[in-house]
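Have the viewer open as you read.

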Amino acid sequence: QVQLVESGGGLVQAGGSLGLSCAASGRTVSRNAMGWFRQAPGKERQIVAVITWSGGSIYYADSVKGRFTISRDNAKNAVYLQMNSLDPEDTAVYYCAATQDAYGSRSYNYLESGRYHYWGQGTQVTVSS
């Protein structure tokens, strides 16, 4: 079993930055694609970014491209999301998720929430205008 714990959320003004972290425990996720999702009140959960096990393939949703950066440190069993130029539209609960697929090489294979087996509890990000 894998446990995922997100941290780093909070309240920030528009134009500001936040860095989210996701720490995995229970077993290594170094062989697995990882994703960040978000869910705003009254809206469906949506993909934000995906990174494959090696970091060789990365996907960003159009809404965050050029502002957010996903990265991972397999030695630390962790994945990160750096968010810059935040907008009130980015307000949501952000979730970290891990797939069960090992050594998948294409981030585009992991855009659907159903591809992920393990989820964190989420961290709130609120961007004020």
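Buried here means under 20% relative accessible area, exposed means over 50%, and partly exposed is in between, with a 1.4 Å probe and protein chains only. By that cut-off Phe37 is buried, with a relative accessible area of 1%.

## Ground rules

This is a predicted model, where local features need pLDDT of at least 70, side-chain atom pairs count only at pLDDT 80 or more, and totals for chains, interfaces and linings use all residues. Residues are numbered from 1 along each chain as its sequence is written, and side-chain values use heavy atoms, leaving out hydrogens and water.

Strands (E) are DSSP runs of at least two residues, numbered from the N terminus. Seven of the eight residues of E4 (residues 32-39) are buried, so the rest of the structure largely encloses this strand.

Two strands pair if DSSP finds at least two bridges between them. E4 pairs with E9 (residues 92-102) in the antiparallel sense over seven bridges, and Phe37 has Tyr95 as its bridge partner there. E4 is also antiparallel to E5 (residues 46-51), over five bridges, with Met34 partnered by Ile51. The hairpin of E4 and E5 has six residues between the strands, and Gly42 takes a positive phi near 75° in it.

## Rings and a charge

Rings of Phe, Tyr and Trp (its six-membered ring) pair if their centres lie within 6.5 Å; planes under 30 degrees apart count as stacked, over 60 as edge-to-face and the rest as tilted. The count by this rule is six aromatic pairs. In one of them, the rings of Phe37 and Trp119 have centres 4.9 Å apart and planes at 55°, so the pair is tilted. Its members are 82 residues apart, Phe37 in E4 and Trp119 in E10 (residues 116-119). Trp119 is partly exposed, at 28% relative accessible area.

Phe37, Tyr95, Tyr116 and Trp119 form one aromatic cluster. A charge sits over a ring if NZ of Lys or CZ of Arg is within 6 Å of the ring centre and within 35 degrees of the ring normal. The charged end of Arg45 does this over Tyr95, 3.9 Å from the ring centre, and over Trp119, 4.7 Å from the ring centre.

## The open sheet

Another group of four strands forms an open antiparallel sheet in the order E1-E3-E8-E7. E1 (3-7) and E7 stand at the edges with a single partner strand each, so one side of each has no neighbour in the sheet. Inside it, six bridges join E3 (residues 18-25) to E8, and Leu20 stands opposite Leu81.
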